[in-house]
Amino acid sequence: MTDYQQKVSGSFNERMRLIRLRRKKENLRFWDEFRIVPRGLIWTVVGLFLAAQGIAFFVNRWLFFHDPGGMFAPDLRDTPVWSYLALAGAVTAVSLVMASFIFLIGYVNRDAKRRGMNSALWTLLVIVLLPAWTFVGFLIYFLMREPMPYDCPQCGKSVGARFNFCPNCKCNLHPSCPNCKREVVETDKFCPYCAHELGAVTSGELSQS
Ligand SMILES: [Zn+2]
Ligand SMILES: [Zn+2]
């Protein structure tokens with residue numbers, strides 16, 4: 001490995017460490033995240049689910065009276081109650097899969113907006129990839145999404161994840177060790193690379209990278 005390569009991979013590792021810290025600070029919980037899915041979308045899905053259950057039930061019931069041979073599940077035709085229950089179960093299973101896709105699309109739409117990304121474009125991408133590639137669109141989104149804006153460690157104002165300095169208080173958001181010049185995070189008391197004492201990093205006294 002040449003000096004240059006070592007330096008590039010070194011700074012990459014430092015950056016990854018910082019991104020990991022930011023991601024950890026995001027502290028995403030499933031139900032909190034689910035709450036950003038638009039309410040209207042959730043109720044629409046619930047309504048569609050109930051409608052599907054109703055239609056399936058009445059079609060099956062109509063067949064029971066007019067054409068019992070066409071009832072749901074050939075094995076269950078002799079016991080109508082089981083036929084109704086099995087059909088309700090099948091409708092529920094299909095609905096759960098479809099609902100999770102719809103909610104994921106709604107989530108991507110809101111989450112992209114929250115992270116300052118192009119939400120219309122990302123929503124379109126996951127929808128376009130859905131029929132042929134199912135989860136691949138979502139996978140790309142979750143790997144590519146920007147970190148969320150976070151609070152400045154010094155003044156508490158919200159700052160973008162790509163900012164180098166806080167626009168409000170000039171706090172250095174990418175502090176580096178004054179001794180070895182490698183990037184450290186604001187919670188470090190000592191430099192993880194050379195053990196230099198960092199003191200209060202949040203004071204903004206450290207040299208910039
Ligand atoms: Zn600040
Ligand atoms: Zn150091």
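Predicted model: local features only at pLDDT ≥ 70, side-chain atom pairs only at ≥ 80, totals over all residues.
Helix 3 spans residues 39-66 and packs against helix 4 at an angle of about 155°, the two axes lying 10 Å apart. Since angles over 145 degrees count as roughly antiparallel, helix 3 is therefore roughly antiparallel to helix 4. The crossing of this pair is right-handed. On the side of helix 3, the contact involves Leu41, Ile42, Val45, Phe49, Ala52, Gln53, Ala56, Phe57, Asn60, Arg61 and Phe64. Helix 4 contributes Pro80, Ser83, Tyr84, Leu87, Ala88, Val91, Thr92, Ser95, Ala99, Ile102, Phe103 and Gly106. By class, 16 residues of the contact between helix 3 and helix 4 are nonpolar, six are polar and one is charged.

Helix 4 (residues 80-114) also meets helix 5 (residues 119-133); their axes come within 8 Å and cross at roughly 155°. Helix 4 and helix 5 are therefore roughly antiparallel to each other, and their crossing is right-handed. In helix 4, the residues in contact are Phe101, Ile105, Val108, Asn109, Ala112 and Lys113. Their counterparts in helix 5 are Ser119, Trp122, Thr123, Val126, Ile127 and Leu130. The contact of helix 4 with helix 5 comprises eight nonpolar, three polar and one charged residues.

A further partner of helix 4 is helix 6 (residues 136-144), which packs against helix 4 at about 25° with the axes 11 Å apart. Angles under 35 degrees count as roughly parallel, so helix 4 and helix 6 are roughly parallel to each other. The crossing of helix 4 and helix 6 is left-handed. Phe101, Leu104, Ile105, Tyr107, Val108, Asp111 and Ala112 of helix 4 make this contact with Phe138, Tyr141 and Phe142 of helix 6. Nine of the residues in the contact of helix 4 with helix 6 are nonpolar and one is charged, with no polar residue. Phe101, Ile105, Val108 and Ala112 of helix 4 take part both in the contact with helix 5 and in that with helix 6.

Cysteine 180 and cysteine 194 both lie in the segment after strand 2 (158-159), so the pair ties together parts that are 14 residues apart in sequence.

Methods. Residues numbered from 1 in each chain as written. Chains lettered and ligands numbered in written order. Heavy atoms only, no water. Axes fitted to C-alpha atoms, helices over the stretch in contact; angles between N-to-C directions. Helix = DSSP H or I, 4+ residues; strand = E, 2+ residues; numbered from the N terminus. Parallel < 35°, antiparallel > 145°, perpendicular 65-115°, else oblique. Left-handed = near helix turned anticlockwise from the far one by under 90°. Contact = heavy atoms within 4.5 Å. Nonpolar A, V, L, I, M, F, W, Y, C, P; charged D, E, K, R; others polar.
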